[in-house]
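Please look over the sequence and the structure below, and then follow the topics in order.

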Amino acid sequence: MVVNIHKKRELASRILGVGVNRIRFEPDKLDDVADSITRENIRSLISNGSIWTAKVKGTSRGRTRTKLATKKKHGTGPGSKKGKKTARVGKKEVYVIKVRSMRRHLKILKERKDITNEQFWALYKKVNGAQVRSLSHLRELVKITKTH
């Protein structure tokens, strides 16, 4: 039996607040849908799963993401770089990385018992006060403190 369920679809779309084309009916329960006249009937069919809404189809961003990733990789060679080194990596970032590495090195030396606690704190304060230029400079200072 073929039943025109176009009006039922419109009613369901108004109840659910979606477009007419997103309304789906259970194929086995089309007779129940055809018999339903009131909004109450449609609501009961929605609650028992005979009527539901299809998900919105969107445009996939997958290809765009891969394209952007490649674009990001390209043009990063030495010929394309402009400005100082600090134009790409900030001074603060460089400082933080350097200080963290020096503090890590000092901690390892203390754990290995290569330096005493007093020596550790003396060097730690030097690192904190920006008296140590680099990790190699710190190693030299460690050698000097060990000899004294």
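Predicted model: local features only at pLDDT ≥ 70, side-chain atom pairs only at ≥ 80, totals over all residues.

Which residue has its backbone oxygen 3.4 Å from a polar atom of the side chain of Lys8? The residue is Ser36, whose backbone oxygen lies at that distance of 3.4 Å from the side chain of Lys8.

**The annotated region**

- The UniProt record, an unreviewed entry, places the feature "domain: Large ribosomal subunit protein eL19" at residues 4-146.

- Lys8 has its place in helix α1, which covers residues 6-16.
- Although Lys8 is buried, it has no salt bridge, and the nearest side chain of opposite charge, that of Asp35, is 7.7 Å away.
- When neighbours within four places in sequence are left aside, Lys8 is in contact with Phe25, Val33, Ala34, Ser36 and Ile42.

**Salt bridges**

- The structure holds four salt bridges, and the following points describe some of them.
- Glu10 forms a salt bridge with Lys7, in which the closest N and O atoms are 3.8 Å apart; both residues lie in helix α1, three residues apart, which is about one turn of the helix.
- Arg14 also forms a salt bridge with Glu10, with the closest N and O atoms 3.9 Å apart, and these two residues of helix α1 are four residues apart, again about one turn of the helix.
- Within this group, Glu10 is partly exposed, with a relative accessible area of 22%, whereas Lys7 is exposed at 59% and Arg14 counts as exposed at 53% relative accessibility.
- The side chains of Arg112 and Asp114 meet in a salt bridge, with 3.4 Å from N to O; Arg112 is exposed, with a relative accessible area of 56%, while Asp114 is partly exposed, with a relative accessible area of 29%.
- Salt bridges that share partners join Lys7, Glu10 and Arg14 into one network.

**Helix α4**

- Helix α4, made up of residues 62-73, has 12 residues and reaches 17 Å from its first C-alpha to its last, which is close to the 16 Å expected at 1.5 Å a residue.
- Of the 12 residues of α4, the number buried is zero, so this helix lies largely in the open.
- After α4 comes Gly75, whose phi is positive, near 75°.

**Trp121 in helix α6**

- Trp121 has its place in helix α6, which covers residues 117-128, and Trp121 is partly exposed, with a relative accessible area of 39%.
- Trp121 and Met102 are 19 residues apart in sequence, and their C-alpha atoms are 13 Å apart in space.

- Lys146 has its place in helix α7, which covers residues 135-147, and Lys146 is partly exposed, with a relative accessible area of 45%.
- Leaving aside neighbours within four places in sequence, Lys146 is in contact with Asp114 and Gln119; Asp114 is the residue whose side chain meets that of Arg112 in a salt bridge.
- Lys146 and Gln119 are 27 residues apart along the chain, and their C-alpha atoms are separated by 8.5 Å.
- His137 also lies in helix α7, where His137 is buried, with a relative accessible area of 13%.
- If residues up to four places away in sequence are not counted, His137 touches Gln131 and Val132.

Key:
Residues numbered from 1 in each chain as written. Heavy atoms only, no water. Expected span 1.5 Å × (residues − 1). Buried < 20%, exposed > 50% of the residue type's maximum accessible area, 1.4 Å probe, protein only. UniProt positions renumbered as here; feature names shortened; annotations may be inferred. Lys, Arg positive; Asp, Glu negative; His and termini not counted. Polar contact = N/O pair within 3.5 Å; in protein donor to acceptor, adjacent residues only side chain to side chain. Contact = heavy atoms within 4.5 Å.
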